[in-house]
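Please keep the sequence and the coordinates at hand while reading.

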Amino acid sequence: RGKFPKFMTNELCSQEFPVHAMSGDTEFNLFLSIWAPTVVGGLFAFLFGACAGSFLNVLVWRLPTGQSVVTPPSRCPRCGHQLRWHENLPIVGWLLLRGRCSACRVRISPQYPLVELLVACLFLAAFLAFYAPLDRGAASPFHDAASPWWHLQGFARSWPAFIVVVISISGLVAMTIVDAKTMLIPVEIPTVVTIVAFVGWLVQG
């Protein structure tokens, strides 16, 4: 008699099943059914993080200079060329443009895709730490990754708290970049993060 592998949930790990009674297809289908929601959710978290990183690039460029973060739309700071929708895609847009403005060919800083990739990876890491069906026993390296509350609630019942966490992460990244460049932290960033935290936890209940 054997047990499910440790990458599955604690509940499943504690249940014993005859190894010989499970075919390869059955094991794969079981693995897929357990991990599919995490893969889909993780992909969404990564894409959401990339979009958030794209907005952070706007914040760290415009806030210190007193510009609006809403208007005008993203454009080349040298020639004023307004980016088309596909040129404004997080990470991919910079690669499509090969790091240069499509109008004046001025070089675009790699900071833009790097910030987008960083925030995307941080969102993905947070999602996996909270919701991935990993072994979280006392001997597991994932034991202290997150409170069991997240995994027990699931994303459907804890998404407001997750939004609070990732917005806080975004705020820290934005404040770090602005502080490194200007030695100042715009008060708007911590203010928005604080408001989101209060509202998010009220919604979470």
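## A surface position and its patch

Helix α6 is where V199 is placed, and in this predicted model the residue has a relative accessibility of 46%, so it counts as partly exposed, since that class lies between 20% and 50%. V199 is one of the members of a nonpolar surface patch that also holds F155, W159, I195 and V203, and the accessible area of these residues together is about 470 Å².

Two elements, α5 and α6, the latter spanning 188-204, each give two or more residues to this nonpolar patch. The most is given by α6, which contributes three residues.

## The nonpolar core

Which residues touch the most other members of the largest nonpolar core? In this core of 24 residues, they are L56, V119, F130, Y131, W150 and F162. At least two core residues come from each of the helices α2 (24-62), α4 (111-131) and α5 (148-182), and the largest share, nine residues, is supplied by α5. In soluble globular proteins, nonpolar side chains tend to be buried together.

For L56, the contacts beyond its neighbours within four places in sequence are with V115, V119, S170, V173 and A174.

## Aromatic rings and a buried serine

The ring-pair criterion gives a count of 13 aromatic pairs. Ring pairs join F127, F130, Y131, W149, W150, F155 and F162 into a cluster; F130, Y131, W150 and F162 were also named above among the core residues that touch the most other members, while F155 was listed in the surface patch.

If residues up to four places away in sequence are not counted, V58 touches L63, V69 and S74. The C-alpha atom of V58 is separated by 9.8 Å from that of P73, a residue 15 positions away along the chain.

C121 has its place in helix α4, and its relative accessibility of 37% means that it counts as partly exposed. Between C121 and L47, which are 74 residues apart along the chain, the C-alpha separation is 9.3 Å.

## The chain as a whole

The chain contains six helices and two strands, and, read from the N terminus on, the order of its elements is β-α-β-α-α-α-α-α. Of its 205 residues, 35% are buried.

Among the contacts with a separation of 6 or more, 54% are between residues 24 or more positions apart. The accessible surface of the chain comes to about 12,400 Å², and carbon and sulfur atoms account for 69% of that area.

How values were computed. Residues numbered from 1 in each chain as written. Predicted model: local features only at pLDDT ≥ 70, side-chain atom pairs only at ≥ 80, totals over all residues. Heavy atoms only, no water. Core = buried A, V, L, I, M, F, W, Y, C linked by side-chain atoms within 4.5 Å. Buried < 20%, exposed > 50% of the residue type's maximum accessible area, 1.4 Å probe, protein only. Helix = DSSP H or I, 4+ residues; strand = E, 2+ residues; numbered from the N terminus. Contact = heavy atoms within 4.5 Å. Patch = residues over 30% accessible without salt bridge, like charges linked within 9 Å, V, L, I, M, F, W, Y side chains within 5 Å. Areas by Shrake-Rupley, 256 points an atom, 1.4 Å probe, with all protein chains shown as cover. Salt bridge = Lys/Arg side-chain N within 4 Å of Asp/Glu carboxyl O. Phe/Tyr/Trp six-rings, centres within 6.5 Å; stacked < 30°, edge-to-face > 60°.
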